[in-house]
Amino acid sequence: MNKALITLIERLENPDLVENNVIPWSSPIPSFGDLSKSKVATLGLNPSNREFVDNKGKELDGTIRRFHTLKSLKIKRWSEVNDSHIQLIANSCEEYFNRNPYDGWFKSLDSIISGTRASYYDTTIKACHLDLVPYATACKWTELTPKQRSLLLDIAGDTLALLLKDSPIRLLILNGVTVVNNLEKITGLTFEKRVIPSWTLPRKDTDGVKGYSYRGKITEIHGIKLKQSVSILGFNHNIQSSFGVTNEVKKSIRHWVTQSANEIL
């Protein structure tokens with residue numbers, strides 16, 4: 001992972017990242033958890049700003065710090081990073097779930113994958129979380145303009161390939177239709193899509209929001225070939241932010257992920 005991390009840090013010198021709302025003093029987050037020991041990974045869009053700041057926008061510090069920043073590394077710019085800094089950043093990623101994880105986000109997703117016997121927190125089968133864009137932005141992804149989102153994906157489009165290329169990941173679980181659509185874009189694939197009636201989100205005066213599952217396999221991302229194929233399972237509802245994702249829907253998604261993963265792992 002360190003090779004990929006070095007590349008991601010070098011890109012922080014790209015002014016386009018700062019101009020598109022990336023927090024300039026925050027380190028990249030290539031993975032949440034130990035990628036080198038994980039067979040299962042979930043995939044999102046980009047890290048929350050809450051990985052670096054509290055609810056008042058103040059930088060996390062001391063025992064509640066989650067990831068490194070220019071301040072914690074005691075440097076003024078990312079071009080000053082050395083090997084020891086790289087290792088500190090890598091360690092913060094690998095040990096994330098043993099320290100101060102953002103449970104408000106990760107617990108619900110960990111429940112979805114728990115039927116696979118994989119967990120961020122447990123050691124039965126290691127799981128980690130990856131993002132298409134490994135840089136935290138000052139606002140939520142949905143608050144970025146389409147142009148900003150597109151540019152960030154262009155800059156970081158090869159990140160997932162760099163991380164998965166030499167990893168033991170066999171199953172990638174996609175959280176939400178935006179993740180699905182963007183992974184299809186950078187792989188050039190169209191995943192198998194099916195309506196799952198039990199995933200319909202209830203709405204007043206309408207038939208509700210339909211639920212869809214996605215399945216596929218990837219062997220190449222952004223033109224970079226992987227050493228082994230990675231199976232894809234996805235769902236269109238974002239577990240944390242889609243409005244009205246009921247406990248019943250979450251249980252049904254968990255059941256589907258469990259059954260599907262058992263065919264793969």
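**Close-ups of a predicted model**

View 1. Leu130 and Leu172 touch the most other members of the largest nonpolar core, which has 49 residues. A nonpolar core here is a set of buried Ala, Val, Leu, Ile, Met, Phe, Trp, Tyr and Cys residues joined through side-chain atoms within 4.5 Å. Buried means under 20% relative accessible area, exposed means over 50%, and partly exposed is in between (1.4 Å probe, protein chains only). Zoom in on leucine 172 and, skipping residues up to four places away in sequence, you'll find it touching Ala41, Leu43, Leu130, Leu160, Leu164, Leu183, Ile218, Val230, Ser231, Ile232 and Leu233. Touching, or contact, is heavy atoms within 4.5 Å. There's also a second, separate core of 34 residues, and Phe97, Ile196, Leu201 and Val257 are among them.

A quick note on the model: it is predicted, with local features needing pLDDT of at least 70 and side-chain atom pairs counting only at pLDDT 80 or more, while totals for chains, interfaces and linings use all residues. Residues are numbered from 1 along each chain as its sequence is written, and side-chain values use heavy atoms, with hydrogens and water left out.

**View 2. Rings around phenylalanine 106.** The structure holds 15 aromatic pairs. Rings of Phe, Tyr and Trp (its six-membered ring) pair if their centres lie within 6.5 Å; planes under 30 degrees apart are stacked, over 60 edge-to-face, and the rest tilted. Tyrosine 96 and phenylalanine 106 have ring centres 5.6 Å apart and planes at 70 degrees, so this pair is edge-to-face. Tyrosine 96 sits in the loop between α4 (83–94) and α5 (103–113), and phenylalanine 106, ten residues apart from it, is in helix α5. Helices (H or I, at least four residues) and strands (E, at least two) are DSSP runs, numbered from the N terminus. Phenylalanine 106 also makes an edge-to-face pair with phenylalanine 97, at 5.1 Å centre to centre and 85 degrees between the planes. Phenylalanine 106 is buried at 2% relative accessibility, phenylalanine 97 is buried at 8%, and tyrosine 96 is buried too.

**View 3. Lysines over tyrosine rings.** The charged end of lysine 107 sits over the ring of tyrosine 121, 4.1 Å from the ring centre. Lysine 193 does likewise with tyrosine 212, its charged end 4.4 Å from the ring centre. To count as over a ring, NZ of Lys or CZ of Arg must be within 6 Å of the ring centre and within 35 degrees of the ring normal.

**View 4. Helix α1 and its buried face.** Helix α1 covers residues 2–10, with Ala4, Leu5, Leu8 and Ile9 buried. Looking down the axis of α1, these residues fall within an arc of 135 degrees, so they line one face of the helix. The arc is taken from the directions from the helix axis to the C-beta atoms. That buried set packs against α4 and α7 (159–164), while Lys3 and Glu10 are exposed on the other side of α1.

**View 5. Cysteine 128 in its strand.** Cysteine 128 lies in strand β3 (residues 125–131) and is buried, with a relative accessible area of 0%. Beyond its neighbours within four places in sequence, cysteine 128 has contacts including Phe32, Asp34, Val40, Tyr120 and Ile169.
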